[in-house]
Amino acid sequence: LEMVVEVGQRVERGELLARLDEERLVLERTRTTAERAAAESTIAEERAAVDRQVSEIESLQTAAQLGASNARERRDAEMILAQAQSRLEKARLDLEVYDARLALLDRRLSDMRIVAPFAGVVTRKLTDLGEWIAEGDSVCEIVATDELEVVLNVPQGQMAALASRPLTGEGLVV
């Protein structure tokens, strides 16, 4: 969608390099958010069903003490309660699934902004504006400039003069 850097440009760690099209992910996140809200409503509905069935069982216990209820009615009510509790647990698990999907979508949305993993200079663009790229593809090549390794060919006759001079800087090897 957008290629922010050019060849030769210096970038800092975390600086935006490219931005990918996130429209489909935004729509998917909106849909999943709505599904999560529906799951929350289902939890409230199932919780009410459990409460209603617990109340029904308590009423049947009272009626049984007075001889106005039979054991079959209570068994049926307890079975209905177990089913309601199972539906409530399923609704809670559905909510966890939607939370996990939203976390994944948030991660994927953040991945639509490709940033420099380290400071350096852009040496090559590997994609152009409007190109399709697959997951894991590179958009540009960056060469780190904070540490450089330099290899110099020195004539053997000059080694003694070079070795007698103090070398400054870290990591210099003769």
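The largest pocket has a volume of about 870 Å³. The search runs on a 1 Å grid over the protein atoms alone; a pocket is an open set of points with protein on both sides within 12 Å along at least five of seven lines. Points are joined across faces, edges and corners, and the volume is the space filled by probe spheres set on them. This is a predicted model: local features need pLDDT of at least 70, side-chain atom pairs count only at pLDDT 80 or more, and totals for chains, interfaces and linings use all residues. Residues are numbered from 1 along each chain as its sequence is written, and side-chain values use heavy atoms, with hydrogens and water left out.

Strands S1 (2-3), S3 (16-19) and S4 (113-115) and helix H1 (23-65) each give two or more residues to the lining. H1 gives the most, with three. Helices (H or I, at least four residues) and strands (E, at least two) are DSSP runs, numbered from the N terminus.

Now the whole chain. It has three helices and six strands. From the N terminus on, they run β-β-β-α-α-β-β-β-α. The radius of gyration is 33 Å, well over the 16 Å that the globule rule gives for 174 residues, so the chain is more spread out than a compact globule. That radius is taken over C-alpha atoms, and the rule is 2.2 Å times the number of residues to the power 0.38. Along the principal axes, the C-alpha atoms fill a box of roughly 115 × 40 × 20 Å. Of the 174 residues, 22% count as buried. Buried means under 20% relative accessible area, exposed over 50%, and partly exposed in between (1.4 Å probe, protein chains only).

Next, the interior. A nonpolar core is a set of buried Ala, Val, Leu, Ile, Met, Phe, Trp, Tyr and Cys residues joined through side-chain atoms within 4.5 Å. The largest one has 16 residues; Val-5, Val-11, Leu-17, Cys-140 and Ile-142 have the most contacts inside it. S3, helix H2 (71-110) and strand S6 (140-144) each give two or more residues to this core. Apart from it lies another core, of 13 residues, among them Val-50, Ala-77, Leu-81 and Leu-95.

Ile-142 touches, among others, Val-11, Leu-17, Phe-118 and Val-122, not counting residues up to four places away in sequence. Contact means heavy atoms within 4.5 Å. Among contacts between residues at least 6 apart in sequence, 70% join residues at least 24 apart.

Thr-127 is found in the loop between strand S5 (120-125) and S6. It is buried, with a relative accessible area of 6%. Leaving aside neighbours within four places, Thr-127 is in contact with Met-3, Ile-133 and Val-139.

Ile-43 lies in helix H1. It is buried too, with a relative accessible area of 9%. Beyond four places in sequence, Ile-43 is in contact with Leu-88, Ala-91, Arg-92 and Leu-95. Ile-43 and Ala-64 are 21 residues apart in sequence and 31 Å apart in space, C-alpha to C-alpha.

Arg-24 also lies in H1. Arg-24 is exposed, with a relative accessible area of 67%.

Conventions: On a 1 Å grid over the protein atoms alone, a cavity is a set of points where a 1.4 Å probe fits but cannot get out, and a pocket is an open set with protein on both sides within 12 Å along at least five of seven lines; lining residues have an atom within 4 Å of a point.
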